[in-house]
Protein chains: 2
Amino acid sequence: MARITTEPIVVKHGLNLPEPGLGDNRSHEKRTRDSLQLLCSGPVFIPLNTARKIPAVLEQSGFNIEAIAVLGECGWELADVRPSGSHANLFGLAIDLGSTSVVFYLVNMETGEIIQTISMENPQRRHGEDILDRILFAGRGGLSTLQDEIIKLINQAIARMCQENSIKPESIYYCTVAGNTTMCHFLLALDPAHICKEPYIPAVNTFDLIRPAHVGIDINDQGYVYVLPNVGSYFGGDLLAGILASGMYQKEEISMLVDVGTNAEVVLGNKDWLVACAGAAGPALEGGILSCGMRAQEGAIDRINISPQDLSVKYTTIGGSKPKGICGSAIIDLLAEMFRAGIVDQTGKLMKDRDPARIRQIHEEWAWIIASGDETATGKPVYITQSDIKNLIRSKGAMYTILNVVIQSVGLTFGDIENFFVAGAFGNYINPENAITIGMLPDIPIERYKGIGNAAGEGAIHVLLHRDSKKELGKICERITYLEMNVRGDFMNQLTGALFLPHTDLSRFPNVARRLNLGS
Amino acid sequence: MARITTEPIVVKHGLNLPEPGLGDNRSHEKRTRDSLQLLCSGPVFIPLNTARKIPAVLEQSGFNIEAIAVLGECGWELADVRPSGSHANLFGLAIDLGSTSVVFYLVNMETGEIIQTISMENPQRRHGEDILDRILFAGRGGLSTLQDEIIKLINQAIARMCQENSIKPESIYYCTVAGNTTMCHFLLALDPAHICKEPYIPAVNTFDLIRPAHVGIDINDQGYVYVLPNVGSYFGGDLLAGILASGMYQKEEISMLVDVGTNAEVVLGNKDWLVACAGAAGPALEGGILSCGMRAQEGAIDRINISPQDLSVKYTTIGGSKPKGICGSAIIDLLAEMFRAGIVDQTGKLMKDRDPARIRQIHEEWAWIIASGDETATGKPVYITQSDIKNLIRSKGAMYTILNVVIQSVGLTFGDIENFFVAGAFGNYINPENAITIGMLPDIPIERYKGIGNAAGEGAIHVLLHRDSKKELGKICERITYLEMNVRGDFMNQLTGALFLPHTDLSRFPNVARRLNLGS
């Protein structure tokens with residue numbers, strides 16, 4: 001994907017410098033700086049390492065050089081010099097630092113093109129799928145281990161991308177990272193202890209620029225690592241990235257942005273105001289903890305359809321191979337399809353008599369078989385259990401409740417929302433109609449829903465390609481009113497009603513009720 | 001010496017922060033930053049290392065902390081946080097990076113007091129007393145050796161000062177360095193190759209701020225090393241330091257500043273204009289290469305007096321012990337006294353018949369004995385040879401000629417100079433009358449001469465205590481017109497006349513001629 005950009009945070013300038021003589025005895029450094037400052041319209045900082053390279057490059061090139069400048073904390077910095085005609089490539093690395101998966105985007109800083117995207121499993125999962133377990137592990141002296149693991153992963157991704165694209169790590173000048181507050185604390189070995197206990201405060205909201213070597217990231221030493229800020233413990237840079245990427249903070253009309261994940265993160269507002277809230281929705285929505293949940297890899301069921309007539313099941317898998325499990329993008333579809341087909345009732349209970357052929361007891365609980373052992377890659381069935389369903393309903397109920405608390409807090413209704421941005425690792429894959437059917441998302445016209453894909457990744461890329469992003473993020477942070485969900489009593493009251501499919505109050509879901517003929 | 005300052009480049013602020021609560025969930029970092037920014041009247045950069053320390057310090061101190069801020073490239077940076085009442089001391093280290101001696105000043109940044117001054121021999125001398133030899137050594141692959149040696153020396157000085165004052169290296173937050181252009185290039189491992197060959201250009205004129213760890217200097221990691229800029233190969237930060245310390249760039253009247261050393265460095269001007277020039281005057285003036293020259297240590301003759309009547313010799317030594325040699329501060333006195341007493345004539349020739357008791361042949365040349373073997377600590381005599389005298393006269397002649405070329409270049413005469421600042425490692429010790437007598441300095445009223453001591457050291461200290469210094473130095477650099485002495489033909493013509501005592505043209509030294517009854 002090529003993106004048009006005129007303001008990346010790494011730039012290259014060709015400099016044709018006058019040669020020194022008796023009438024012009026400026027140093028190599030000053031000769032370069034004077035010329036570059038004209039092009040950059042302001043002071044340019046020259047780090048010692050670059051200063052050391054300048055004399056030889058100037059002389060070898062006959063004083064025709066390429067100057068590579070990166071945006072520092074207060075203006076341009078001369079990160080590198082090369083002889084003219086070197087055709088130096090400039091790359092940026094955007095990272096979506098998720099607690100489950102980490103996604104890397106290699107960006108050509110001159111064209112804005114995304115050269116490669118790779119997703120890798122977060123190795124910190126071995127300390128707990130739930131981020132709380134990892135915070136506890138950090139508190140037991142594991143913080144530097146958590147940091148080491150993620151840095152190592154980043155360097156593996158860099159090495160792989162460099163090899164596969166025949167580029168050098170030194171040609172990557174900037175690394176931008178968007179992640180939730182805790183993940184960013186792990187990355188930088190900042191104490192996360194207070195993130196999960198009252199009054200829920202992070203160690204850091206705004207991360208100033210960091211030299212790659214300081215945290216051990218293998219990109220150009222004279223470049224920078226920029227970690228997007230957070231607004232609070234449960235409101236991280238991943239969601240701020242979504243606000244940035246969606247542009248909702250610049251729009252006249254009201255938008256809602258939801259990042260669907262382990263944490264449900266919500267922003268409501270427009271160019272004048274922004275209200276945000278986040279709360280734990282449970283990991284079930286990402287598929288991680290389901291009996292047969294798996295990551296979005298070859299063999300994962302990613303689409304599913306159940307005929308309400310004959311209850312026949314159709315699915316597709318990633319790579320088209322035999323199924324091994326079910327991944328996040330199919331979870332919501334599965335529950336909606338089971339509900340539509342009457343395999344679960346409004347309380348989420350498996351209707352054993354509706355589809356006895358696929359009902360079986362597994363590990364002493366009732367399960368519904370998606371694919372039997374003879375269809376799968378492993379020879380074992382892929383299924384969903386009664387507990388899985390309860391978990392899913394709890395997660396979707398928490399999600400809806402959070403949305404509702406936010407919209408009520410500003411005296412609006414869901415009908416006032418013109419743009420409903422759905423983000424998250426599988427934001428683009430959520431079928432809004434199915435999400436409405438199970439009562440996870442509000443029953444508003446489908447066309448108002450807009451998947452913006454991986455908000456964290458999109459935002460991190462946006463920062464690479466728009467040099468005012470840091471300032472814009474600062475302004476967004478200042479403007480946001482943050483509602484602390486964990487301590488609001490009405491959340492628990494409202495949640496109870498949302499633990500039904502789609503909701504105990506069917507007037508909230510008129511279209512679902514009509515389509516499925518509920519409550520009549 | 002206590003100096004009044006209200007604007008040091010390292011400051012401490014007491015912060016009494018509000019404790020976090022449900023209504024104020026700012027991170028520890030933001031809580032600190034918001035408060036500090038009010039006191040600093042602008043954005044404050046918080047490096048990752050400091051950010052990591054903040055949470056624990058805030059909690060341990062009940063949110064009463066001391067914030068230590070250092071001036072960065074574009075404003076204040078939070079270098080450290082400590083619990084309130086820690087009575088954290090803040091120090092700065094000013095370094096005069098001389099080719100012969102390196103002088104260290106430990107400065108209390110809160111009072112401006114100089115806690116300790118130590119002088120150490122530059123270990124690079126083993127690669128050659130002449131700086132040119134060291135440049136050649138650098139060209140043969142010795143650059144990193146030269147850097148290592150000087151960094152090691154700096155760290156030795158820091159360790160010693162810390163031990164003797166019971167402070168920690170981490171409490172030193174800033175290191176300022178003034179030295180000649182070549183020495184600064186060695187310090188930073190910058191290629192000095194072009195400094196000594198046409199068109200005489202340094203690699204770098206302006207050194208941007210450097211983290212201590214980057215060059216391996218053992219002070220607080222979150223502080224900075226600042227190396228004063230240079231205007232050219234023969235016009236270094238040492239002389240710029242003198243311009244800064246003398247204040248001549250702010251005065252209405254015309255001043256001349258001379259740094260007496262291996263290089264004669266001269267600045268002429270006032271608040272509106274500055275002309276500078278430098279040239280090799282030879283190392284003899286520093287005493288380094290004389291037969292019995294030594295550093296200003298215990299046993300060095302530092303004052304000398306010869307009775308013109310009975311030719312009796314009186315001297316004092318550093319520490320009052322038996323003499324071992326003669327140091328820089330006594331060299332000019334010695335030549336002037338010998339000239340006054342008629343022991344050397346106007347051409348510099350030893351008058352063997354004038355003082356036969358002290359005349360002796362040593363290593364096949366004539367020498368005049370200052371102290372005989374039975375007076376000295378070593379049992380060997382301390383003396384000056386005919387070659388020593390020739391070297392001295394060549395050096396003083398070069399010095400005078402440089403001054404004369406500069407004053408002529410702007411159409412002024414020495415009589416127009418209101419302030420004549422004499423700097424150099426022993427600037428305070430030069431007796432202007434003696435320097436005039438030998439024709440090294442112009443014959444103007446004695447009271448216009450002002451020793452400003454070690455200009456490089458004074459300037460480096462000035463930078464620590466005046467936060468606008470970096471900007472002022474930038475303005476001085478832009479304003480200076482530099483005369484390249486090495487390529488001016490009239491220098492050699494003028495030098496010939498100056499190789500006499502005091503000069504072939506006695507009308508230039510009317511007071512000396514009158515006092516010594518010369519030319520009559």
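The model is predicted: local features need pLDDT of at least 70, side-chain atom pairs count only at pLDDT 80 or more, and totals for chains, interfaces and linings use all residues. Residues are numbered from 1 along each chain as its sequence is written, while chains are lettered from A and ligands numbered from 1 in the order in which they are written.

**Symmetry**

- Two copies of a chain are related by a rotation about an axis and a shift along it.

**Interface of chains A and B**

- Chain A gives 38 residues to the contact and chain B gives 37 residues.
- Two residues are in contact if their C-beta atoms, placed from the backbone, lie within 7 Å.
- On the side of chain A that touches chain B, α1 (28–40) and α2 (48–60) each supply at least two residues.
- The largest share of that side, five residues, comes from α2(A).
- Helices are DSSP runs (H or I, at least four residues), as are strands (E, at least two), numbered from the N terminus.
- By class, the side of chain A that touches chain B has 21 nonpolar, nine polar and eight charged residues.
- Nonpolar means Ala, Val, Leu, Ile, Met, Phe, Trp, Tyr, Cys and Pro; charged means Asp, Glu, Lys and Arg; the others, Gly among them, are polar.
- The copies meet through the same surface, because 97% of the interface residues of chain A are also interface residues in chain B.

**α1 and α2 of chain A**

- α1(A) and α2(A) pack at an angle of about 90 degrees, their axes 9 Å apart.
- Axes are lines fitted to C-alpha atoms, for helices over the stretch in contact, and angles run from 0 to 180 degrees between N-to-C directions.
- α1(A) and α2(A) are therefore roughly perpendicular to each other.
- Angles of 65 to 115 degrees count as roughly perpendicular, under 35 as roughly parallel, over 145 as roughly antiparallel and the rest as oblique.
- A:His28, A:Glu29 and A:Thr32 of α1(A) meet A:Ala51, A:Ile54, A:Pro55 and A:Leu58 of α2(A).
- This contact of α1(A) with α2(A) has four nonpolar, two polar and one charged residues.

**α6 and α11 of chain B**

- Helix α6 (residues 237–246) and helix α11 (residues 469–479) of chain B pack at about 110 degrees, with axes 11 Å apart.
- α6(B) and α11(B) are therefore roughly perpendicular to each other.
- α6(B) supplies B:Leu240, B:Ile243 and B:Leu244, which meet B:Ser469, B:Glu472, B:Leu473 and B:Ile476 of α11(B).
- By class, the contact of α6(B) with α11(B) has five nonpolar, one polar and one charged residues.

**α6 and α11 of chain A**

- In chain A, the axes of helix α6 (residues 237–246) and helix α11 (residues 469–479) come within 11 Å and cross at roughly 110 degrees.

**B:Leu153**

- B:Leu153 lies in helix α3 (residues 131–164) of chain B.
- B:Leu153 counts as partly exposed, because it has 19 C-beta neighbours inside 10 Å.
- The cut-offs within 10 Å are 20 or more other C-beta atoms for buried and 12 or fewer for exposed, with partly exposed in between; C-beta atoms are placed from the backbone.
- Not counting residues up to four places away in sequence, B:Leu153 touches B:Val102, B:Met120 and B:Pro123.
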